[in-house]
Amino acid sequence: NMKNIILSSGYETSDWETFLSCWIDRYTGPVNDKTRTIVFGHTTTAKTPPDLEKAERTLGFALPRSLRDFLEVYNPDLDWLDERIARRESFMLPAGRLELLSRIDPYTLSIWTEEESEAEDDEYFVYGKGQDNCVFRSEYFPNLVFLGKTSLNDFVLLNPLVSTEDGEMEVVLHSSFSIFRTLSFATMMRSLYCYECEKVTSYPPYSEGFLNLGCGKLIVSKL
């Protein structure tokens, strides 16, 4: 069942082109190899423009605005992307590759759903540094859309069953040790930017002030 929550993501249309270019420029990860950033595909040359309407028909619902804005400018060459996936490197999927996790990786999904997990609304709908990084609801797993993977091989997922009052949808970073949730794709990407490019001592969530460091201030959103 879809849950519309009385919270605003605070997302405002932003300059994703500048944000992604800034992200790659600031990346200082292993051996300063900028090809290792999760958004490096932004610099490759796509053969066809993104077909967002086709992606929405495939998924059966309209994509939230911050994800649409990102996909308008993130459209990597598919040969490059396939090589990236084969090497188990970080990547984000373009619009034409978005699909339910249950169809792309049913094995992983089966492991995640082995144990039932529930949470009351007052426990679940907490975002930012106050959220419990073990909280999720089993009922949401079958509907998760696979968006990409981080350098730690963690899943970036869209949860269309939780939407905000301004039309954004919950985005989940599912790792082997935690589940981090945001009110929008925009905030998730700001968090991943901070993890890759700013001086951090832990995985997200981060404070709102920290999300505004460096390139993070180019994207407008709340926690």
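A disulfide here is a pair of cysteine sulfur atoms within 2.5 Å. A search of the whole structure turns up 1 disulfide. C22 and C215 form it, with their sulfur atoms 1.9 Å apart. This pair ties together distant parts of the chain: C22 sits in helix α1, C215 sits in the segment after α9 (208–211), and 193 residues separate them. The torsion about the S-S bond of C22 and C215 is about -75 degrees, so the disulfide is left-handed.

A quick word on what you're looking at: this is a predicted model, where local features need pLDDT of at least 70, side-chain atom pairs count only at pLDDT 80 or more, and totals for chains, interfaces and linings use all residues. Residues are numbered from 1 along each chain as its sequence is written, and side-chain values use heavy atoms, with hydrogens and water left out.

**Cysteines and burial**

Buried means under 20% relative accessible area, exposed means over 50%, and partly exposed is in between (1.4 Å probe, protein chains only).

| Cysteine | Relative accessibility | Class |
|---|---|---|
| C22 | 22% | partly exposed |
| C194 | 0% | buried |
| C197 | 9% | buried |
| C215 | 0% | buried |

**Around I24**

Helices (H or I, at least four residues) and strands (E, at least two) are DSSP runs, numbered from the N terminus. I24 has its place in helix α1 (residues 16–26). With 6% relative accessibility, I24 counts as buried. Leaving aside residues up to four places away in sequence, I24 touches K34, T37, V39, F40, H42 and T43, where contact means heavy atoms within 4.5 Å. From I24 to A46 the distance is 18 Å, C-alpha to C-alpha, and the two are 22 residues apart in sequence.

**Around S175**

Where is S175? The loop between β6 (169–174) and β7 is its place. S175 is buried, at a relative accessible area of 6%. A polar atom of the S175 side chain lies 3.2 Å from the backbone nitrogen of F177. Not counting residues up to four places away in sequence, S175 touches D154 and Y203.

**Enclosed spaces**

On a 1 Å grid over the protein atoms alone, a cavity is a set of points where a 1.4 Å probe fits but cannot get out, and lining residues have an atom within 4 Å of a point. A volume is the space filled by probe spheres set on the points. The count is 2 cavities of 30 Å³ or more.

The largest cavity has a volume of about 50 Å³. Its lining is made up of I38, T150, S151, L192, Y195, E196 and Y203. Sorted by class, that lining has 4 nonpolar, 2 polar and 1 charged residues. For these classes, Ala, Val, Leu, Ile, Met, Phe, Trp, Tyr, Cys and Pro count as nonpolar, Asp, Glu, Lys and Arg as charged, and the others, Gly among them, as polar.

The second largest cavity holds about 40 Å³ of space. Among the residues lining the second largest cavity are G128, F180, T187 and L223. Both β7 (179–182) and α8 (185–197) supply at least two residues of this lining. Its classes are 5 nonpolar, 4 polar and no charged.

Technical notes
On a 1 Å grid over the protein atoms alone, a cavity is a set of points where a 1.4 Å probe fits but cannot get out, and a pocket is an open set with protein on both sides within 12 Å along at least five of seven lines; lining residues have an atom within 4 Å of a point. A polar contact is a pair of N or O atoms within 3.5 Å; within protein, one must be able to donate a hydrogen and the other to accept it, and residues adjacent in sequence count only if both atoms are side-chain atoms.
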